[in-house]
Amino acid sequence: MQITDHPGQIRARVTQALTDAGRAGDDVRVVAVSKQHSAESIRRLFASGITDFGESYLDEALPKLDELSGLDITWHFIGRIQANKTRAIAERFHWVHSLDRERVARRLDAQRPDHAEPLNVLIQVNLANEPQKGGVDPGQATDLAGCVADLPRLRLRGLMGIAPVAYSGQESLEYFATLRMLHDELRAAGHSLDTLSMGMSGDFQAAIAAGSNCVRIGTALFGPRSR
Ligand SMILES: *Cc1c(COP(=O)(O)O)cnc(C)c1O
């Protein structure tokens with residue numbers, strides 16, 4: 001597979017989506033979601049200029065982080081967080097997109113090494129009330145944001161959401177617009193948020209139209225996953 005051709009195409013589509021949204025010149029962070037893909041595939045993508053990578057499963061991710069420790073990669077943890085497995089996330093990752101409870105926030109704060117920059121944190125919001133997905137109810141986001149803001153080893157940067165796969169273009173657009181409103185409300189309440197992580201391979205244009213500045217792209221960069 002010619003994966004080295006994809007990053008430029010994705011960049012071009014992101015730029016086009018920004019232009020279509022009247023946001024030409026804005027910056028969007030592209031996080032390459034490398035779950036189920038090898039360290040070697042990550043190395044190839046890194047060589048083509050992608051520096052942000054996202055992983056969902058800690059046990060799968062850690063050997064890849066070890067193997068690629070010589071590369072200047074910004075690692076994002078985007079999967080469900082088990083409360084008893086926070087230490088490796090606190091020690092090895094730069095960003096967490098999937099924070100959804102206070103207990104995990106407190107553990108990540110306590111376990112973030114002193115020599116490291118504070119851990120960048122996004123609160124995941126479960127807008128469509130899907131039980132199989134992580135994320136806080138929208139009504140709980142304010143309380144969790146208040147908790148994270150008081151923890152010195154965490155830096156609250158924004159929100160993350162995953163639109164239901166069954167959604168059409170218009171439904172995803174509304175979903176993302178609602179998340180963006182919640183983000184704006186938290187900012188109005190005094191939180192200095194700058195990151196709205198929404199959009200994946202199938203819906204990143206809608207997410208960018210609604211104000212996303214961080215997209216998490218797996219399939220469109222690496223090709224299909226096996227499961
Ligand atoms: C797997 C995953 C992605 C990437 O999905 P694609 O459809 O392959 O782009 C993005 N975000 C999260 C949270 C994921 O688990």
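Predicted model: local features only at pLDDT ≥ 70, side-chain atom pairs only at ≥ 80, totals over all residues.
**View 1. Val148 sits in helix H6, which covers residues 141–149.** Val148 is buried, with a relative accessible area of 0%. Leaving aside residues up to four places away in sequence, its contacts are Leu99, Ala105, Val121, Leu154 and Leu156. If you also look for Asp114, you will find it 34 residues from Val148 in sequence and 17 Å away in space, C-alpha to C-alpha.

**View 2. Helix H5 (residues 102–111) packs against H6.** Their axes lie 10 Å apart, at an angle of about 15 degrees, and the two helices are therefore roughly parallel to each other. The crossing of H5 with H6 is right-handed. On the H5 side, Glu102, Ala105 and Arg106 make the contact, while H6 brings Leu144, Cys147 and Val148. Of these residues, four are nonpolar, two are charged and none is polar.

**View 3. Phe77 and Phe93 form one of the four aromatic pairs in the structure.** The pair is edge-to-face, with 5.4 Å from centre to centre and 85 degrees between the planes. It links distant parts of the chain, 16 residues apart: Phe77 belongs to strand E3 (residues 74–77), and Phe93 to the loop between helix H4 (86–92) and strand E4 (95–99). Phe77 is buried at 1% relative accessible area, and Phe93 also counts as buried, at 1%.

**View 4. Tyr175 and Phe176 make an edge-to-face pair.** Their ring centres are 5.9 Å apart and their planes stand at 90 degrees. Tyr175 is buried, with a relative accessible area of 5%, and Phe176 is buried at 0%. Ring pairs join Tyr167, Tyr175 and Phe176 into a cluster.

Notes:
Residues numbered from 1 in each chain as written. Heavy atoms only, no water. Helix = DSSP H or I, 4+ residues; strand = E, 2+ residues; numbered from the N terminus. Buried < 20%, exposed > 50% of the residue type's maximum accessible area, 1.4 Å probe, protein only. Contact = heavy atoms within 4.5 Å. Axes fitted to C-alpha atoms, helices over the stretch in contact; angles between N-to-C directions. Parallel < 35°, antiparallel > 145°, perpendicular 65-115°, else oblique. Left-handed = near helix turned anticlockwise from the far one by under 90°. Nonpolar A, V, L, I, M, F, W, Y, C, P; charged D, E, K, R; others polar. Phe/Tyr/Trp six-rings, centres within 6.5 Å; stacked < 30°, edge-to-face > 60°.
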